[in-house]
Every structure is written in structure tokens, then in C-alpha cells.
There are 2 protein chains.
Amino acid sequence: MAVTLDSARELDRQDPLATFKERFALPEGVLYLDGNSLGAQPLAARKAVTETMDQWRDELIKGWNQGWFDAPERLGNLLAPVIGAGEGEVVVTDNITLNIFKLLGYIIGQRGDGGGVVLSEGGNFPTDGYIAQGFSRFGGHQHRFLPEGESLEAHLDGVDVVVLSQVNYRTGALRDMAAATRLVHAHGAEVIWDLAHSAGALPVDLNGSGARYAVGCTYKYLNGGPGAPAFIYVQRGHQDSGWQPLSGWHGHAAPFAFEADYAPAGDITRFRTGTHSALAYSALEASLAMWAEVDMHALRDKSLAVSELFRDCLADLLEPYGIADITPAAGERGSQVSLVAAEDGFAIVQALIARGVIGDYREPGLMRFGFTPLYLSFEDVWQAARHFREVLESGEYRESRFKVRSAVT
Amino acid sequence: MAVTLDSARELDRQDPLATFKERFALPEGVLYLDGNSLGAQPLAARKAVTETMDQWRDELIKGWNQGWFDAPERLGNLLAPVIGAGEGEVVVTDNITLNIFKLLGYIIGQRGDGGGVVLSEGGNFPTDGYIAQGFSRFGGHQHRFLPEGESLEAHLDGVDVVVLSQVNYRTGALRDMAAATRLVHAHGAEVIWDLAHSAGALPVDLNGSGARYAVGCTYKYLNGGPGAPAFIYVQRGHQDSGWQPLSGWHGHAAPFAFEADYAPAGDITRFRTGTHSALAYSALEASLAMWAEVDMHALRDKSLAVSELFRDCLADLLEPYGIADITPAAGERGSQVSLVAAEDGFAIVQALIARGVIGDYREPGLMRFGFTPLYLSFEDVWQAARHFREVLESGEYRESRFKVRSAVT
């Protein structure tokens, strides 16, 4: 391969983030390049969940006064520095789908009566479009798609709110958040940023970009656990401008006064709805405490270095095996490598999984490999590339057992 | 006291549900009468959560194909018999606040264009009204309160949907579900039943009552853990009549086809939204598997017997200490005893908690004691009543440390 194993090991010796790997529980014999779907388990998360089970057993209802009730704001403050937000600007709550609905209602509700226009990205992760359609259908608004690859500016006329992903889930393409935010604001519209594939993948600068609204999940790069709760960011000056439509008691100004009428909390708390899982929050809190120690610029450097190493190791194989590398250039991507093999992509990913190299596959033909600098060493990535080469050169991906497709891959 | 300790112990010896208590992890020295707020921890839940943490660590993304993804429907089917529903009629998802919003949108959406009228109960748990207000405000509908204590029939004119609790969270009063459902349907309206204080508290017969729509939570009587996910019930013949507004990818007809446009699943799955916490579901699943063994009529018999024992033990104290017993008659309540001491209620509950007898307090003056037959013995209840008597007769509740009120009780 273009890079030697020795040189990969030398890179590990120089890696300022190398010690984070010891803080994860990783299964033997697995090279995990799917942290962009579900992050690996921090050892601290395991301990935290056990403690929360003890707390439920021993403290019972009193647990709600011992940290469970305030977890959405506390975890939001832990997460804030990772995404360039300030204290009191982030709350951890519900899932991305629901959080987009809340922000759409909150923003459109401020723009006066009558129907609004919601623009969402074609080619974005589908749930962003689905919930924009549900919101529009029920609220009497109009929903449009921005066709994939077309200019945002050409589609902003008459639009009230745009939902944009900072990093595209398929290609890994990174949008310039500051530039797109300026453009949308200049057209008198608002933008909701979806950080699902950027939070924890690279330094995100919400405040510095002038972003007012964002959502994201915590179970990918942020290692919060399967289905860990999502988050909402609202810039400080925009938190007290009306209701959000999913008005539940945890978002009330005085949740324990049990008043008949809803009155939203004066701050980010208004984006909470109802009772949340203390277990789910405890795993995430342990991971976020670890993230507070991460130098995000060192993370970005390593993310780009390991993904380049992977590409360099495979470069000579692409043309012979009909594989296209659609990974954007270093400054223009998140933390993934995207390769397309129209015919054999599915079989190659399955053959890799059989060897313990976990990537994922999305129709049509797309092989996605996520790079998570906290628990992937340069040697891991080198070994994953070696397996990839062996899968191709041996022809083992052509075995029929790797070609059968199931509904969920 | 009116009942002797020996006779309480004799009732325990005759109790067909007595062995369930061994299946709970209960702290030493606690008599827990607050299972109507947060249920105690089944031993099986602890094991299940540990196994799910192992699964996250070892299987990583593959866990979603190994039971996590289908948990909402699988747990719904486990829960169905406990509430008188059939296979495929219940899905476990999100929280009560969000589930009421989904059903309001689903029902109103079927009733043609134009504004609808939503009626919710005054004196109900506030989040039911809050979300009815949020829904109405954003959808251009009208929200009204049914004043507490007034006749439902007198307020049904022009109403499209009513949100009713089967058991009132403050008083424990039980509504006749079959009669109220018939009345609402006869007025051309629909009813959404909130089962928060009835599911797992008494036999609920959704199918037999003709109920079409219901929601409920699982962290009270059903022991799913703090903030365990809620559920939605939709009668089989009413599951395919349109969208629900919180349209996310997990409710899509083909979630892994990643289609641009939303198309709801043809069944109860359409009430799912986005990714859920595998940890939270695993604790609940372990508890629901235990509930499958419970004879709900034996549960009801014991619920009424233990709550009567508690009242009998305290009957002679009420008048001397200015306490009103507002607990409805046996056939007309859920599984709680409600006592009002306008002046001293808070201090009495605090003094009981200091002795390890956990009840809860709601302004103004309301002391609530929940009775959970699976893990409360007759002797437990007798001892709780003895402490209550000693707290009053000793006057210890008058100590200043019990009178200081915090925001959350």
C-alpha cells in the first residue's frame, strides 16, 4: 500500500488524541468505521448507567430532584462548547424530527398570520423533509425542496425558513455555515441547521457563524448511546419570541405550579416537552463530560489525516474495480469517506463486515466510512484499508452470501 | 388501630400476588406509596439494561437489527393485554404530551378543512391542556376547558375532540370509559383517553369500551423506569385514515428506502417519529414481560383491599386533625388514596418521608398515596398507617424542618 504499517504506527505515536481510545469499550476484532451511525461506548457511560439504575432503585421519586429533572439544560451546557454555543443556548431533548417541528413552529409563529414557506434540502436525510411536510400540511404552509446540487440563492424567494444540513449524510459534503446563514438572513428568511453529521465530527461554530437555530443528535459522533436524546440550539437573543407548538409541562415557566394555561419558560427550557428518560441522559452525560476535554482543532486535524490515509491506501484500487471516490476535498467535508461502486458496493460492505470492518451502505452503490478520531488509531485505519484491498483482490465479495440484500443494511 | 398487625399478615398469607414483591429491587427501610409517580425497579429491568449496554458495546450499529428498531411495536404488543387492546393496536413511543398532539392532528385532519374545537378537562394533569392549547394555537383551532366537576354532556356541542383522563391524577376519581365514549361518539366527536393513572393500576378495557384513541405512560404503575417511553393506542379500524402531523422517518411506510416524500406506514407504526433510546426500551420491556403474568382482576381486588386497609387504619384520626378523605368510593377510583389537610398537608408528607414513608404532595393541601399491589404487602400498608398515626400523635410534623417548601415536592 502507499503507506506502510510502520509509518501509520509512527503517526499514532505522535497523536495528541491517542489516549482517548482507552476510554472506550470496543469489541475485540472489530475495526469500526460506522461511528457516523452509532458511536462506540465510553467506559464512563457504562458506569453512569449503572449508577442511575442504583439511583432509581434507592432514591425512587426523589431522583427527579437529584439531577434528572434538570438534565436537559445541564447536558445542553456541557454540549455547548463542542458546537460553538454559549451557556443557556442549548437544551438536550426529544429527537431531531420533533425538534425541527418545534423550531419551524416557533419561527413561523413569529412571522405573523397566514401561510409560510418552508424550504428543505433534497438529498438531505429524509426525516428533515418528512417533518417539514407534516408541519406544512397541518399548519397550512407550503413546503418546497431545494433540488440537490442547485444553488440555495436561486430558491430563496418568498421562503420563510430553510432547513439545511451542515454535513450531507451521504456524501459528507460540508456547507459553509457562516456564508449560508448570511445569505438566508439577507433574504429575510431564517435557517435551521441540522448538525447530525457535524456535531463531534469537526469544530462547529454556531455563534461565530451567526446561526440562530440548530438541531442535532448525540448518538453518532458524540457517543451518547443508541437513540440518545437530540438537542436544540437557539441563539440567546431569540429565545423569548413566542410559543413553540409542542407545548408540554416541562417547557412551562412554572412546571410544578400545575397552572391550567400554558406559559412558556423565558429561556431555552421552553423547547422541552414532557418527561424524558433518566437512563438515556445518564449515558450521554458521561460521554459529554469526556468531550469537554477534547481539543476540537486536534480532532479535526486527525479526522482529515486518518481519512486521507484511508484514501491513499486505496487510491490504486479505484479504477481497476470501478469504484468512484466522491469524498469532498479536505476543507469541504465532514469526517467520512464516501465511495461508490454501483454494482458491487453492497457486496463489498458485507464482505468487509464479515472481516470485522464495519462501514455502512446506502442505495444506490454508496459505501460510507466514518472516521471518529477519539477511538480510531492510524493503525486501525491502515488495517481497515488492508482488509478492503484483500476483499477486492481475493474476489471474496463476489460470494453469493454477500450479495443477498435485506431490508435494513 | 382498627386493624391489627396480625390480621394484615394473615391477608398477606392469602394474597395470590404476594410473590411478585420478590421480583422488585426495593430499598431497605422504605415504605413506598408513590408508585403512581415513579414505579419501583423490577430486578429484570436491571438485568435487561446491563444486557443492552453489552449489546451497544459488542454489536454496535448491528443492534438496530437485533431488536432495537422494532421495540416500539413489540413492546406495544406486550402492553396491549394490560389495557384491553389487541395485537397491532399499541405502539410505545415518545411521551404523553407528544402523543396527544399526534392524535389531535390525526383526528382533526380527518374531519375536513377549517378549524376544529378541542375540549380538555380542567383539573386534568396540566400537560394535556398545554398541548391541546399548543395544537389549537398553531393549527387555527379552538381550545376549551371542561370546567372541573361539570357535566361532559353539557359541553360537547360543536366539539371535535375531547381529551379525558380515565383516572384523575389528584383525586383518583375513575371515569366510566364506556359510557363517556358512547356519549362523545353520539355527539359526533372523538375522545382521546389519557391512561397515565389507570394503565397498570386497574383492569382497563379499551376494546370493550369502544375507545378508538388513547395515550398513557409507563413509568408509574407499569414500572418502566424514570421517564420510560409512553404509548399510543389506536383501534384497528381507525389506523389508516391520514397523516399524523409529527411525521418522521420511523413512521414512514418504508423507512430505509430513504424516499424524499413522506408516506405513512399503513398501521400503528405511523405514530412513531424518530430514533428512540434502546436503553429506555429495554428496562420497560423487562417490566412488561412480568406484567404479562399478572391477573388484572386479582390486582384490582388487592388494590382496593390495601387502600381500604390504609383508610380504615386512619379513619379515627381525620376529624381530630382536620383532614378530609376525598378518596372516591371503591368502584369509582383508581389505585390511590387522597387526603386533604389544607394547613399541614405538606408538613405531614415531609415528616412521613423522613420516616421512610414516601407519598407525595400537591398544592393545595393534597396528600396522595398510591397503592401498587405488585410490591406492597398488607403489612407494608399497615406499617405506613402506623407511621402516619405516630407523625400526627407525636406532633413531629409541626417541626420547622418539615414546613419549608421547595419548588419541587
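Predicted model: local features only at pLDDT ≥ 70, side-chain atom pairs only at ≥ 80, totals over all residues.
How many residue pairs are in polar contact across the interface of domain 1 of chain A and domain 2 of chain A? The rule finds 13 of them, with both residues at pLDDT 80 or more; a polar contact is a pair of N or O atoms within 3.5 Å, where within protein one must be able to donate a hydrogen and the other to accept it, and residues adjacent in sequence count only if both atoms are side-chain atoms.

Residues are numbered from 1 along each chain as its sequence is written, chains are lettered from A and ligands numbered from 1 in the order in which they are written, and side-chain values use heavy atoms, leaving out hydrogens and water.

Back to chain A. Its domain 1 covers 5-41 + 295-402 and its domain 2 covers 67-291, with bounds from an automatic or database domain assignment. Their C-alpha centres lie 30 Å apart. Domain 1 of chain A puts 33 residues into the contact and domain 2 of chain A puts in 22, contact meaning heavy atoms within 4.5 Å.

Now hop to chain B, where an open sheet of 4 strands runs β11-β12-β15-β14 with antiparallel pairing. Strands here are DSSP E runs of at least two residues, numbered from the N terminus, and two pair if DSSP finds at least two bridges between them. β14(B) and β15(B) are joined by 3 bridges, and B:Tyr361 stands opposite B:Met367 in β15(B).
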